[in-house]
Each structure stands twice: as C-alpha cells, then as structure tokens.
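Please look over the structure below with its helix packing, ligand shell and salt bridges in mind.

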Amino acid sequence: MTSFPEAARVELANVQLRANLRNATDTIRAKRARVVAEAPDWEELREAGKAIKEDVLAHMDEYLLQFEAAVQEVGGRVHWARDAAEANAVVAGVARAHGVDEVVKVKSLTTDEIGLNDALAAVGIHALETDFAELILQLDGDWPSHILVPAIHRNRTEIRDLFARTIAPGIASDDPRDLAEAARVYLRERFLAARVGVSGANFGIAETGAVCVVESEGNGRMCTTLPEVLVTVLGIEKLLPRFSDLEVFLQLLPRSATGERMNPYTSIWTGVTEGDGPQEFHVVLLDNGRTRVLRDEIGRQALHCIRCSACLNVCPVYSRTGGHAYGSVYPGPIGAILTPQLRGIENAASLPFASTLCGACYEVCPVKIDIPRVLLHLRSLAPKPARERALLRAAAWVFRGPRRFAAAQRLGRRVPFPRAWTRSRDVKPFPSETFRDWWRRERGA
Ligand code: SF4
C-alpha cells in the first residue's frame, strides 16, 4: 500500500475535499458534544461499554460457541471464516446456490474489508449497495473516505451529475430531497426483486443468537427483511454476551456517531420465523486477523471499536487528509491502529505515525480505547528505515558509556541538528551547563 505521507500529500492538494471535511466534521462534532452533555451518566456508560468489550475479548472462545449454538437453535446456519477468501466463498456459494446474479447489500465495513463486492463480481454476481452514500461511490467506482459518511468528499452537484449519467437520466436538480428520491426510485424495484440480501452487523448476541444492525435510511431493514435469504458477515469481535448489553451500546453508538439520541433504524433479528422475513439465514463469523490482534495485550483494545467514527471527527490529521490517505476501509485514528494489526505492521508501517498524539480520539471514544497508547506501541513495533536503525544503535552505544555521553553533550552544543529534523521541529538550545557540570561544580568530582 502507498505510505501514508505519500497518499496524504495527494489528498491535501484537494481543496474541495478539505472544505467538505471541515463542514461535515464540525457539524457532527458539535451535535455529538450537545447530546453527550445531556447524558448525566455518560462516563459510566463509557466504562460499562469498555468493561463489556473487555469481557468479550477475554472469553471470546466461549461466547463464539454460545452464539453458534444459539443461532442454530433458531434455525440459522453458522459458517466460520479464517480469512477474506473463506468468507467471500461462503457468500458466493449461498448466492450461487440460489441462482441469483444480484444481491442487495446494506453498508458494511466488514464486507468492504474482505473485498466482497469484487469477489462476487468475479463469479458473475453484482452486489448492489443500497446505502445512499455507498450507492454514489459504487456508481462512480470510488471508495469510502469516512466510516459513517462514506461520500463525505463529494458535493451535491457532483452527485447530481453522476446520477444524470447513471440511474436518473435527465435529473436537473441537486436538491438533496430530489437526489434522495432518485435513489429511492432506483433502489425500490431492486429491493422487491432481490432474493438474497447481504449485511454486516453492529452486534451479535451470544445469549440469543440475535443480530443487530443500526442504520439511518431504512435500506438496511429492507435488505434484512425482504429477500428470502439473508447472509450476515460478522467480525468475531462484534459479539455481546447478553441482550441487555445492547442497552449500553444503543446509547453510546448514536450519540457518538451522528450526534443523535436514538438511531433512526435499529433492526434486530433472531434466526428464521416462518412466514416472516428471510426463510434462510446464514452468519459468517469472520476472523481475518482478529485473533492475531487479540494476542497483543496492548493492541487488542482496537477490537473494542464500535465504528462510531467519533475519533475521525476530532482528529486534526484525518480532518485534513480525509480517509483515502489511510489506504483501507478503516480511516482515521481507528484505522491507524486497526489496519496495521489486521494486515501486519510490516504492511502498514506508516499508519501508526499518522497522528499528532494529541489524545482527542481517546477523549471521545465511547468505549475508551486508548488510541495514543496503541499508536506508540505500534510505532515501537514498526520496521524502521536503515538510517534510523543505525542512528538509534549509535545513540544506544553513546548512552551506555558515561564518558561517551559527556563527550556527546559537549559536541551537541557545537554541532547543529540536521535540517531534515529541524524543518518541522523546534530544537531548544542546549543549556550552557549540563547537570553533570553543575554536580561537579557544586559537589566536586
Ligand atoms: S475507536 Fe472509538 S471513537 Fe473511533 S470509531 Fe472506534 S469506537 Fe468510535
């Protein structure tokens, strides 16, 4: 993948992108702050969310088996997928078994992570995105730059022109209501004709085998209720032990995500019910690097994430570069700690450095992920350029010998720092007297 600094340089040149990002993140941030301030137990909710997630990670094996048994008991089928290829093969297999050439899909980062649309396209099946913003991106061959507002980098005139070229020839208005109506008309028939739906999920309940999707357009509800067959791809970290745990997360998530007290559409389904909704239900339990993340005691807290995107909206780096620079479906601070762990640090070594370590992400995170700490941890694991390695080896050698250290201090006062270092950093002048000099003067050798 392109390194973050290189990709960011390209994105920073996009003035429209930066204006859109500023508008959107400012608005969502202000709304979030308002609704969080009116919840007197917000800190307790955050603590509860964190505690539940820690429990899930500590007993992941038990909860997964409990979830599998509960889903089977209510008529669903569970598939275990070690990686993207296995998960994609399951979804493709189900779709082919039903002889369809199109499935309807509700926005899902997990299916984006595994590249499901491309995998289905390779076997002749079109995955139709039904979320408004995802549809825009799909029509234009683009990809998301924000977790919750995937088309944040597009403005409405661009969208009107795109619709005129694709799904709504002749559309002249760029009024948001007219654009939404055009998408609604286009999608409605496809929903009614669809025989297979594909979703991700925000939560899976180990106790009951229920699966929960929160969204704000109603397209998710159409996807999960109209088709005869439903396949849900669930990252294994999305489990919650009990149904009652939803009480905590359904307060934390909408307030942190869109600054709303309640989510507009919360769909929860449990297995198969005769004559009501899909009559065949599959859950794909996806690992794809998550158990490796789980093994890292510091890094594993990234698996607490409920994908609210609050950390993106406060991040001074994300708000300038946008999501594409992160080279993954997980942008912003959460992407900077999740992607290197899912893909392997050697494959995304620049991402943990895409942060000022200001700590704003930690302050807003509803499940209290200590993102700056994980960033520092990952920085320590990242492969270093040869020059930096050599420099650190030399520094270690100097620090190990008192005479060498004293000599280096003397030298430091005379030799200027390299320009590459000081171009973006202020280096304080060396003091005229070091601690050791002072000690010698005051106390003797
Ligand atoms: S890391 Fe925290 S703030 Fe960021 S998306 Fe995940 S839950 Fe939200």
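At what angle do helix α19 and helix α20 pack, and how far apart are their axes? Helix α19 (residues 386-400) and helix α20 (residues 402-414) pack at an angle of about 110°, and their axes are 5 Å apart. This is a predicted model, in which local features need pLDDT of at least 70 and side-chain atom pairs count only at pLDDT 80 or more, while totals for chains, interfaces and linings use all residues. Residues are numbered from 1 along each chain as its sequence is written, and side-chain values use heavy atoms, with hydrogens and water left out.

**Helix packing**
- The angle makes α19 roughly perpendicular to α20 (65 to 115 degrees counts as roughly perpendicular; axes are lines fitted to C-alpha atoms over the stretch in contact, and angles run from 0 to 180 degrees between N-to-C directions; helices are DSSP runs of H or I with at least four residues, strands are runs of E with at least two, and both are numbered from the N terminus).
- Trp397, Val398, Phe399 and Arg400 in α19 meet Pro402, Arg404, Phe405 and Ala408 in α20, where contact means heavy atoms within 4.5 Å.
- By class, this contact of α19 with α20 has six nonpolar, no polar and two charged residues (Ala, Val, Leu, Ile, Met, Phe, Trp, Tyr, Cys and Pro count as nonpolar, Asp, Glu, Lys and Arg as charged, and the others, Gly among them, as polar).

**Ligand shell**
- Residues surrounding the ligand include Cys305, Cys308, Cys311 and Cys365, as well as Arg307, with a heavy atom within 4 Å as the criterion.
- By class, the shell around the ligand has 10 nonpolar, one polar and one charged residues.

**Salt bridges**
- The count comes to 24 salt bridges, each defined as a side-chain nitrogen of Lys or Arg within 4 Å of a carboxyl oxygen of Asp or Glu.
- Arg307 forms a salt bridge with Glu237, with the closest N and O atoms 3.1 Å apart; Arg307 lies in the loop between α13 (290-295) and α14 (310-314) and Glu237 in the loop between β7 (229-235) and β8 (239-240), so that the pair links distant parts of the chain, 70 residues apart.
- Arg307 counts as buried at 9% relative accessibility, and Glu237 is buried with a relative accessible area of 2% (buried means under 20% relative accessible area, exposed over 50% and partly exposed in between, with a 1.4 Å probe and protein chains only).
- The side chains of Asp245 and Arg242 meet in a salt bridge (3.3 Å, N to O), in which Asp245 counts as buried at 6% relative accessibility and Arg242 as partly exposed at 35%.
- Salt bridges that share partners join Glu43, Arg46, Glu47 and Lys368 into one network.

How values were computed. Parallel < 35°, antiparallel > 145°, perpendicular 65-115°, else oblique.
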